[in-house]
Amino acid sequence: MNTAETLRNTTIDPIHPHIASLDGLRFIAAGTVLFSHGSFYILLSEQNSGITAYNAPFVGLANIGMTLFFVLSGFVIHYNYGSSVSLPGGVRAFFVARFARLYPLFLLVFVISTVEAFRTADGKVDNVGPIPLYLTFTQSWWFWVFGDRAASEAYSNATGLMWSLSTEAFFYLSYPLLAPMLRRLAGTRLVIVGCIIALIGAGLACELTEYRGHLNNWAAFYTGNPRAAHDFSHWLIYNSPWIRIFEFLIGAVTAQFVMTAKVDPARAMVAGSAALAVIVVAYVSSNVGLLPLSGVITTCVAGAFGILMGASTVKGLVFSRVLSNRWMVLGGEASYSLYLLHYWVVHNLGHRFADNRPLVTRFALFVVLMLVSIAVARISYLVYERPMVRVVRRFFSIRPRAERHDVSMGEGVTVAAPPVSVSLDGGS
């Protein structure tokens, strides 16, 4: 028996080597969301009127974080499961791994948040109707309306961050169908497909932004609820999986390129530097100009995120060295906890201690609460998130069919590959 081939075909766990720089990217993604929300909650006290050309690039950093999360998700999912998801038992193993990774912490935060929502309910908002959508991760799949709110905004608390989990779940559901096609791509054809995906995603984001008013008017007619319909274009362009899936696909195409092509370090350095420049210039210029396009600019340049991500996987380059720093990796491991838990720190504590304080005091609290958020996230990762992943995977685990077949045929027991420490998820 070919042991190497058997390991490739039977292990549930990822078999590719760990890429530490991806952990660093995850920390940057979560950190930009933390910085963006902290700026708005603490420094601006949630006053939209306080947003100017000078602070808009900082307040809008969550846009960079979300695109980075979704591109990372596509990369990591395809990198880890591209070969195994098509094997017998592969789909089940894939969904068990995804469920174990996302659901335990989500459920904890969701229960606490909904209990708080019911405790402070004023009877004007439907707090019961959206619950099945949240529990099934489907709240962002369509413009579900409950009262005057879309489902993704139903509770106006920490659950407001969970639209991205729903969007991720849509990607996961689609991925087993897409994986075989992606794995057949290589070389020039792979690059062409990647460019087409990036162009379609950018074109849709730009065009839909231009027609925001028309989209909201249609939604008002469709729902019969003008107040809720005001958020339709934002849901479609920013929250829904229908536009964000292009970012996920860019990540998957990038992973396929990294796995099938020999990347020249010098060319990777040039390409990565150019991509970083495109991202920074496009983002800063659109936000300083307070352009409507600033809300989707990262989706428009998602292809550059993919190129930068590919360059960051090349060992020895400055991108890889910086992102693989131990502190970046530690932060990246706790990025999911940081994403879901930071609201309680920078919003709840931020308002309690920072409201009506001088700007200097608010800035000091902003820095302190940023650090507290990271510390809380790291504790959550070690004490709850990581142990629960193991518990859930152990509960659902089964031996892959190929391994059982080897044993039953008397060909010897397949040696299980040791678990590889690969960060799962870009997000959300």
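**Entry 1: the whole chain.** I counted 20 helices and 2 strands in the chain. Helices (H or I, at least four residues) and strands (E, at least two) are DSSP runs, numbered from the N terminus. The model is predicted, so I note that local features need pLDDT of at least 70, that side-chain atom pairs count only at pLDDT 80 or more, and that totals for chains, interfaces and linings use all residues. Residues are numbered from 1 along each chain as its sequence is written, and side-chain values use heavy atoms, with hydrogens and water left out.

I then looked up burial: 51% of the 428 residues in the chain are buried. Buried means under 20% relative accessible area, exposed over 50%, and partly exposed in between (1.4 Å probe, protein chains only). For contacts (heavy atoms within 4.5 Å), I took those between residues at least 6 apart in sequence, and 81% of them join residues at least 24 apart.

**Entry 2: helix H12.** I found 20 residues in H12 and a reach of 28 Å from its first C-alpha to its last, close to the 28 Å expected at 1.5 Å a residue. The expected span is 1.5 Å times one less than the number of residues. H12 is largely enclosed by the rest of the structure, because 15 of its 20 residues are buried.

Phe246 counts as buried, at 14% relative accessibility. Setting aside residues up to four places away in sequence, I see Phe246 touching Ile197, Ile200, Gly201 and Leu204. Its C-alpha is 9.2 Å from that of Leu199, 47 residues apart in sequence.

**Entry 3: H12 against H15.** How far apart are the axes of H12 and H15? I read 9 Å, with a packing angle of about 30°, for H12 (residues 241–260) and H15 (residues 302–312). Axes are lines fitted to C-alpha atoms, for helices over the stretch in contact, and angles run from 0 to 180 degrees between N-to-C directions. That makes H12 roughly parallel to H15; angles under 35 degrees count as roughly parallel, over 145 as roughly antiparallel, 65 to 115 as roughly perpendicular and the rest as oblique.

From H12, the contact takes Glu247, Ile250, Thr254 and Val258; from H15, Ala302, Gly303, Gly306 and Gly310. By class I get 3 nonpolar, 4 polar and 1 charged. Ala, Val, Leu, Ile, Met, Phe, Trp, Tyr, Cys and Pro count as nonpolar, Asp, Glu, Lys and Arg as charged, and the others, Gly among them, as polar.

**Entry 4: H2 against H18.** I looked next at H2 (residues 20–43) and H18 (residues 335–354), whose axes come within 9 Å and cross at roughly 15°. That makes H2 roughly parallel to H18. Among the contact residues I noted Phe27, His37 and Tyr41 of H2, and Tyr339, His342 and His347 of H18. The contact has 12 nonpolar, 8 polar and 1 charged residues.

**Entry 5: two single residues.** I found Trp144 in the loop between helix H6 (131–135) and strand E1 (145–146). Trp144 is partly exposed, at a relative accessible area of 33%. Beyond its neighbours within four places in sequence, Trp144 is in contact with Leu133, Thr138, Gln139, Arg149, Ala150 and Ala151.

Is Asn287 buried or exposed? Asn287, in helix H13 (residues 265–288), counts as buried at 5% relative accessibility.
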